[in-house]
Amino acid sequence: MNPFTIHTGIVVPVDRANIDTDAIIPKQFLKLIGRTGFGEFLFNDWRYLENGQPNGEFTLNKPAFKGATILVARNNFGCGSSREHAVWAVAQYGLRVVIAPWRGEGGERIPGFADIFRNNCVKNGVLTLELSEAEVEKIFGLVNDQPGVQATVDLPKQTLTLHGKPEQVFQFEIDAGVKNYLLRGLDDIALTLEHEAAIAAFEKQHNVQLATA
Amino acid sequence: MLGPAPLGVKQLRHAFSTGFPSLGKNLRKPFQTLENRPYGWCCARGGAWCIFPPAMKETLYDKIWKRHVVAELGAGWTLLFIDRQLVHEVTSPQAFDGLRLAGRKVRHPELTFATLDHNVPTDDQTVIRDPVAKAQIEALRKNCREFGIRLFDIGTQDLGVVHIVGPELGITLPGTTVVCGDSHTATHGAFGALAHGIGTSEVEHVLATQTLRQKKFKTFRVEYAGRLQPHVTSKDMVLKLIGEIGTAGGTGCVLEFTGAAVRALSMEARMTICNMAIEAGARAGLIAPDETTFQYIATGDRPFAPRGAALDKAIADWKALATDPDATFERTLTLDCDRLVPQVTWGTSPGMVTDVTGVVPQPDAVRGYSRADVEAALAYMGLKPGMKITDIKLDTVFIGSCTNGRIEDFRQAAAVFKGRQVAAGVRALIVPGSARVKAQAEAEGLDKLFTAAGCEWRYAGCSMCLAMNPDQLRPGERCAATSNRNFEGRQGKGGRTHLVGPSMAAAAAVAGHFVDIRSWK
């Protein structure tokens, strides 16, 4: 996996809440047994017209956002199925960062991304960046006013800088374990296998409750 | 940290067993927390200090978690042992490829169970016409052979949707950890198993290590109080919940479903609730095992469940899993089931749901969704605000899926179809969740009842729930479905899905539009 440290790219808006994994990658593309080739099908039903031509209305197809690597959307991004194909599509399209807002406050705070999707992103070196609804609203405003604007995500410093006029800096929070994982681009199976002795010891005393069939 | 004990041994033992109330005013309030659990301390006569952990009040989730901790990884992450991995053809091929590339083996093939469900045709299972689907099915067969994994293949009596097969074969048991590359793995939580969906990278991780790197979720108790009215089902209970808290309301949480209405449900009905925990954003749903659970496991042909003395011993152990009476949850919610009525979704998110007696809402009157979200959903669904739910006409009815594809679901549907006919112009597809469910339904004559009513009776599979196989809606077609997602294009590009329970779907097939099933004798 590619480590993630500092990344600069164009920000593309997709102004919808609850963007589900069926929208990110429709089911007909889940039949592929390889791990590549999903990027061209990202948001397939929104991105292409019935005749297969690009839908000019969809932001990803607008010239200003060509080559965008940072996507901003509304809350509950990636809800639905566990299909990692959705994250492969996001990553293989070239996106390295997805931004979505959390909702509510304190103990009632609802994360901006669905759990399984966020987890799958970590495994593929894609940063899910959460900000408040007000901050994400600001980003939408700026990106809509200045299409094609670039942003820099600095993971060590946990900042997102929008290089618009004026420049805006947002501080974001991230789980310490996830941050370390992304910074180092780790292979988690190899990491886990460092605990081989602990796993073997656990297996000796643990009852898996399986009847021999 | 135990200093010289100023208390008698008897007194100490009593203090430990009761969680320290006997120490009375000597016990002060918790002064620190360790892993979110309070530690008490007492100041004893003579100035000696004792620090004791009070008897911890744990939730069902805490108890299962604790039993599976292999190692602490730092920063709040834990290596958790996985007792069962279920595998299907869609989310596994890349995981097996990863193992091959790295030269790794499957650590516990005997704890890994594979089935074919997403891609399989349900009209004729002897021929798979779609070459891409066929390649994926063949890949799973080859991977199972190569890595020594048991496969419930097409044509065998154990084939079926992964979340139907696990419980019915006794693979899913209380207190176990269960994962699968499928978000509806939450289903197995109905047994008091910690079960959730994972991505393909994690499928590979579990195949290679039989563990998962996890951070503990928050706990969220949903209490269903009261008693369901006739014809109101657990599908309505879970749809109501999603309408209340939204499709992200449970994100980051494990839901535990409690209350009199849950206790009164059968195992099959409980599975429907846990199945859709993910539609409320929660990766896992849990229900504490009880006599209903033990009875389900003890009866029937469940080749992987313990029997005899082993079962008795297991049941004694499972009884200790229930959440302690005073355990605390980070969030709680109580829903009243006395007045719950059948639910119907009207939009493109499971949280866009209302009572069958209601109307399609105004765009600015839906909690948790913006005006733009609702307008987009109504445009896609071809519905106008103010329209009565019972005026919505259907083209197709789908009864099946891991949500409502078990024998009780088909019995409910059959009771509605008995002596009635599917309305002209409506296609009704009835798809059993497994080959065993199919055989059981046929033994009870349900298949003949369905076909006599004008329904299509199919082979087992995921079918039109996600329409990866040829069972799909055409653009603009409107479907009453007992499945779990009404997303845009879920059942076919341009298809419009309304989620309901099985008897509501059957009644809609007969009437050609939604009806309040409670009004039917």
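What volume does the second largest cavity have? About 130 Å³. This is a predicted model: local features need pLDDT of at least 70, side-chain atom pairs count only at pLDDT 80 or more, and totals for chains, interfaces and linings use all residues. Residues are numbered from 1 along each chain as its sequence is written, chains are lettered from A and ligands numbered from 1 in the order in which they are written, and side-chain values use heavy atoms, with hydrogens and water left out.

**View 1. The second largest cavity has residues of chains A and B nearest its centre.** A cavity is a set of points, on a 1 Å grid over the protein atoms alone, where a 1.4 Å probe fits but cannot get out. Lining residues have an atom within 4 Å of a point. Here the lining counts 16 residues, with A:Cys79, A:Gly80, A:Ala114, B:Ile278 and B:Gly281 nearest the centre. Seven are nonpolar, six polar and three charged. Ala, Val, Leu, Ile, Met, Phe, Trp, Tyr, Cys and Pro count as nonpolar, Asp, Glu, Lys and Arg as charged, and the others, Gly among them, as polar.

**View 2. The largest cavity has a volume of about 200 Å³.** Its lining comprises 23 residues; B:His118, B:Asp182, B:His184, B:Leu466 and B:Arg490 are the closest to the centre. Volume is the space filled by probe spheres set on the points, with grid points joined across faces, edges and corners. The whole structure holds four cavities of 30 Å³ or more.

View 3. A pocket is an open set with protein on both sides within 12 Å along at least five of seven lines. Of 25 lining residues, A:Met1, A:Arg35, A:Lys123, A:Asn124 and B:Ser201 lie nearest the centre. Helix 3 of chain B gives the largest share, five residues. Helices are DSSP runs (H or I, at least four residues), numbered from the N terminus. The lining divides into ten nonpolar, seven polar and eight charged residues.

View 4. The buried area, the accessible area (1.4 Å probe) lost on being put together, summed over both parts, is about 5700 Å². Carbon and sulfur atoms give 53% of that area. On the chain A side, A:Lys27, A:Lys31 and A:Gln209 lose the most area, together 13% of what that side buries.

**View 5. B:Lys215 and A:Asp175 form a salt bridge.** Their closest N and O atoms are 2.0 Å apart. Ten salt bridges (a side-chain nitrogen of Lys or Arg within 4 Å of a carboxyl oxygen of Asp or Glu) cross the interface.

Technical notes. Helix = DSSP H or I, 4+ residues; strand = E, 2+ residues; numbered from the N terminus. Buried area = accessible area lost by both parts, 1.4 Å probe.
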